[in-house]
Amino acid sequence: MRKFTTNISVIIALSFVAGCKNSALTYPLGAPKIDSGFGSYIGVNGGTRIAAHQGIDIIGNDGQEILAVADGIVLEATEERCWGPTIVVDHGKAIDNNKIIALYGHVGEMLVGEGDPIKRGQLIARLGNNQD
């Protein structure tokens, strides 16, 4: 995976309202539970992390749909050592003008490829059971 050297705001599979400075972010009703949150030192398996978590983990069923959180361009659709099959999407700029890059990891079936434009809510992958 390429190393991103610019300032970025990283989001992982979490829906939000972009561009609304005074809006409270709310987790969608009926959405799967976040099992390991951003900054957490506890992993989904209950183990202790050696560093603060850089994203969020949402547990789902094998084959569950993974939807894009916002419009964007697929930068990579690749196999990662840590996350298994992974889709990396550039979702443009955040309110603070930093880039928003989302990594969708542990996917089973990738439905988009490098360079594909995507829309918010688009089915981009299905969850896979590939965690050791």
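Residues are numbered from 1 along each chain as its sequence is written, and side-chain values use heavy atoms, with hydrogens and water left out.

**Whole chain**

From the N terminus on, the order of elements is β-β-β-β-β-β-β-β-β-β. Of the 132 residues, 28% count as buried (buried is under 20% relative accessible area, exposed over 50%, partly exposed in between, with a 1.4 Å probe and protein chains only). The chain exposes about 8,400 Å², and carbon and sulfur atoms supply 52% of that area; accessible areas come from the Shrake-Rupley method with a 1.4 Å probe, and for residues only the protein chains shown count as cover. A contact means heavy atoms within 4.5 Å. Among contacts with a separation of 6 or more, 51% are between residues 24 or more positions apart.

**Confidence**

The predictor's confidence in each residue is pLDDT, from 0 to 100. The chain averages 77, and 77% of the residues score at least 70. The lowest and highest strands are tabulated here.

| Strand | Mean pLDDT |
|---|---|
| β1 (residues 8–11) | 39 |
| β9 (residues 117–118) | 97 |

Over residues 1–23 the pLDDT is below 50, yet this stretch has 56 contacts in the model beyond near neighbours in sequence. Where pLDDT is low, the predicted coordinates should not be read in detail.

Strands β6 (residues 84–93) and β7 run antiparallel and are joined by five bridges; two strands pair if DSSP finds at least two bridges between them. Ile-87 has Tyr-104 in β7 as its bridge partner. Five residues separate β6 and β7 in this hairpin, and in the turn Asn-97 has a positive phi of about 75 degrees. Strand β7 (residues 99–104) is mostly covered, with five of its six residues buried.

**Phe-38**

Phe-38 lies in the loop between β2 (34–36) and β3 (57–58). Phe-38 counts as exposed because its relative accessibility is 58%. Leaving aside residues up to four places away in sequence, Phe-38 touches His-53, Gln-54, Gly-55 and Ile-56. From Phe-38 to Ala-52, 14 residues apart in sequence, the C-alpha to C-alpha distance is 7.6 Å.

How values were computed: This is a predicted model: local features need pLDDT of at least 70, side-chain atom pairs count only at pLDDT 80 or more; totals for chains, interfaces and linings use all residues. Helices (H or I, at least four residues) and strands (E, at least two) are DSSP runs, numbered from the N terminus.
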